[in-house]
2 protein chains.
Amino acid sequence: MLSSDLTVVDANSATPPPPLIGALLRMPFEVVRERMLAGLHERGFSDLVAAHLDIFQYPGPENQRPLDLARHARMSKQAMNYLLGELERLGYITRLRDPDDQRFKRVHATERGQAAGHAMREIVLEVEADWEQRLGPAKVAKLRDLLKQLNVSTAQTV
Amino acid sequence: MLSSDLTVVDANSATPPPPLIGALLRMPFEVVRERMLAGLHERGFSDLVAAHLDIFQYPGPENQRPLDLARHARMSKQAMNYLLGELERLGYITRLRDPDDQRFKRVHATERGQAAGHAMREIVLEVEADWEQRLGPAKVAKLRDLLKQLNVSTAQTV
DNA sequence: GGCATGAGTAAAGTTGCTTGACTACCGTAC
DNA sequence: GTACGGTAGTCAAGCAACTTTACTCATGCC
């Protein structure tokens, strides 16, 4: 996925080049993603697949319009509505017309959808706790702080 | 994709809960991924699509067996061979039988494949330089250091 | 009212995968 | 030396998660 490597390795150099930040970001991202899916399945939300997680991106779909969710997840509105249709069929959300403007719809989490949202939060916290055991709480706090700064700093331009 | 949110927002709390580390990891990962693809297209490698990038994951496919690449990228051998087939058709790699063991094949980058690999490295370095401009070199170095520690620490168990 | 705008929908096509079944090659055991 | 088990790679069918194109409909603005 993320590639930040030399495809050709110099046969004379014993040590390969050090991994760049792109490669380093891939692992933790995928760990969270996989633990999230596995954790949801363990907790009884076994009808959710990876694609559904896109919809629950921070800060969640509650009261959002499908098109805004699509833009946030960087997919077409049709793709988003396809996924929302599945989540609705599975009982996680409903789509209701916005009473103030009949052109729009608004996504609302059902009880099951809210339960899934809380489970997701729990699972990320578990991963964080695991990392704190490995690196110590101070380093994880520092990592979170730096990532937050990076997010804020690039939020305006991207 | 990464979800680390509450799906339901407490109507009484004015401020939403702070984003967890899962949500914070998503942005930089996707930024690298998108800049990578855009940068490759700009540099003339416009026949590469996102899925191809999985193959170039650190430390790259050179002299690797398809099955090992598949395991590294966490996909089936058929999926990997499908992508390798495309890359071969596009002139980025060749697959040759391992002379020492005819059961295996080995992936070799063509000249074009090597050029793409170098371009990828360049692009990640550009992103790093951009982040250094925003946060300062010290913070980016710290971020890279922490990510490296996290990668090393979880490498054994995952 | 007429019309432009923008949200949602419907249908068809594409792609990047998975699953299942098969073949080829090697190492070991009789 | 041939039978057998294990593993790498291949072929084919099917499917999910999209994209593209073309609509319908509600609203706001003249």
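The model being predicted, local features need pLDDT of at least 70, side-chain atom pairs count only at pLDDT 80 or more, and totals for chains, interfaces and linings use all residues. Residues are numbered from 1 along each chain as its sequence is written, while chains are lettered from A and ligands numbered from 1 in the order in which they are written.

**Chain A against chain B**

**Symmetry**

- Chain A superposes on chain B by a rotation of 180 degrees with 0.0 Å of shift along its axis (RMSD 0.0 Å), using least squares on the C-alpha atoms of residues with pLDDT of at least 70 in both copies.
- That is the relation of a two-fold axis.
- The same surface serves both copies, as 100% of the contact residues of chain A recur in chain B.
- L143(A) comes closest to the rotation axis of the residues of chain A, with its C-alpha at 3.2 Å.

**DNA strand D**

- Around DNA strand D there are 21 residues, the closest being A51(A), S76(A), A79(A), Q102(A) and L67(B); a residue is near a strand if its C-beta atom, placed from the backbone, lies within 6 Å of it.
- Two or more residues each come from α4 (77–89) of chain A and from α3 (66–73) and α4 (77–89) of chain B.
- The most, four residues, come from α4(A).
- This surface has nine nonpolar, five polar and seven charged residues.

**DNA strand C**

- DNA strand C has 21 residues around it, of which L67(A), A51(B), S76(B), A79(B) and Q102(B) come nearest.
- The elements giving two or more residues here are α3 (66–72) and α4 of chain A, together with α4 of chain B.
- With four residues, α4(B) gives the most to the surface near DNA strand C.
- The classes are nine nonpolar, five polar and seven charged residues.

**F56(B)**

- F56(B) sits in the loop between α2 (50–53) and α3 of chain B.
- F56(B) is buried, because 31 other C-beta atoms lie within 10 Å (20 or more count as buried, 12 or fewer as exposed, and in between as partly exposed; C-beta atoms are placed from the backbone).
- From F56(B) to L83(B) is 27 residues in sequence and 11 Å in space, C-alpha to C-alpha.

Technical notes. Nonpolar A, V, L, I, M, F, W, Y, C, P; charged D, E, K, R; others polar. Contact = placed C-beta atoms within 7 Å.
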